[in-house]
Amino acid sequence: MPMIQIPDSDLTAYRAEPHGEPKGAVIVIHEIWGLVDHIRSVADRYAAEGYLAVAPDILSDAGVSPSVGQELHNLAKNQDEATRMTAQPLMREKLTATREPAYGAWAISQLRRVVDYLETQPGVDGRIAVTGFCFGGSYAFALAAADPRVKAAAPFYGAPPEESDIASIACPIHAFYGGLDERLMDSLPAVSTAMADAGVDFEATVYEGARHAFFNDTNDLTYDAEAASDSWTQVLEFLEAELA
């Protein structure tokens, strides 16, 4: 499937077409590695399930093209610890722009242009969901808070928006976590309480024994086949219910 230019935006995106009328549309937001082949394959999987899937590239403009991201990912998942350590300073250098406050505002504005685009696509009929992984999971939360046109959000091991933004979330959220992902596990009770206090329909599935990035089947260090399979089943059931 081709790369497309999102109208009225700075973004290119990978578009994966379903066979026949779409059940709806899914925005697939990549990890910190950018729009690498793994994320394209996830978009293809959604298309095979009947969804129009669009995976925008929100990192190339910040200096992390897919080729740079793949290089960083290859270093970070290397079996040799010394090689993995070389990835850390390189990642800090390459991702400097993403830590600027202006980047976050820019990324959300661009993701809203993706929603604009999907609203115009035949058969979508406003049935738009978002999912994402790690960096992309955080932006899946953020887009749900920023755009009420999003009907469902399925963040994978992402950090939630600021508590002050949680009240803006108007759609159900089903989030997925690895039980060994210490930072996110420590924050999850407070996140769940904030979601409940704001009246957000929030469900969290935690896979005990699974790590951060358990869904990424290109990373032997973190991939958990059982957690990945179950979360895929659950996210499809979630989308079927919320976009029907």
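Which residues does Lys-151 touch, not counting residues up to four places away in sequence? Select Lys-151 and show its surroundings: Gly-126, Arg-127, Ile-128, Cys-171, Pro-172, Glu-242 and Leu-243 are touched, where contact means heavy atoms within 4.5 Å.

This is a predicted model, in which local features need pLDDT of at least 70 and side-chain atom pairs count only at pLDDT 80 or more, while totals for chains, interfaces and linings use all residues. Residues are numbered from 1 along each chain as its sequence is written, and side-chain values use heavy atoms, with hydrogens and water left out.

Stay on Lys-151, in the loop between α5 and β6. Helices (H or I, at least four residues) and strands (E, at least two) are DSSP runs, numbered from the N terminus. Lys-151 is classed as partly exposed because its relative accessible area is 39%; buried is under 20%, exposed over 50%, and partly exposed in between, with a 1.4 Å probe and protein chains only.

Next, colour the strands. Eight of them make an open, mixed sheet in the order β1-β2-β4-β3-β5-β6-β7-β8; two strands pair if DSSP finds at least two bridges between them. At the edges are β1 (3–5) and β8 (202–207), each pairing on one side only. Neighbouring strands are turned by 20° against each other on average, direction ignored. Axes are lines fitted to C-alpha atoms, for helices over the stretch in contact, and angles run from 0 to 180 degrees between N-to-C directions.

Zoom in on β3 (residues 25–29) and β5 (residues 128–133), which run parallel and are joined by five bridges. Ala-25 has Ile-128 of β5 as its bridge partner.

Then show the helices on the sheet. Helix α1 (residues 37–48) touches β1, β2 (12–16), β3, β4 (52–56) and β5, and its direction makes about 40° with that of β2. Helix α5 (residues 135–146) touches β3, β5, β6 (152–156), β7 (173–178) and β8, at about 150° to the direction of β5.

Last, go to the largest pocket, which holds about 1200 Å³ of space. A pocket is an open set of points on a 1 Å grid over the protein atoms alone, where a 1.4 Å probe fits, with protein on both sides within 12 Å along at least five of seven lines; lining residues have an atom within 4 Å of a point. Grid points are joined across faces, edges and corners, and the volume is the space filled by probe spheres set on the points. Select Ile-32, Cys-134, Phe-135, Arg-183 and His-212, the closest to the centre of the 38 lining residues. The largest share of the lining, six residues, comes from α5.
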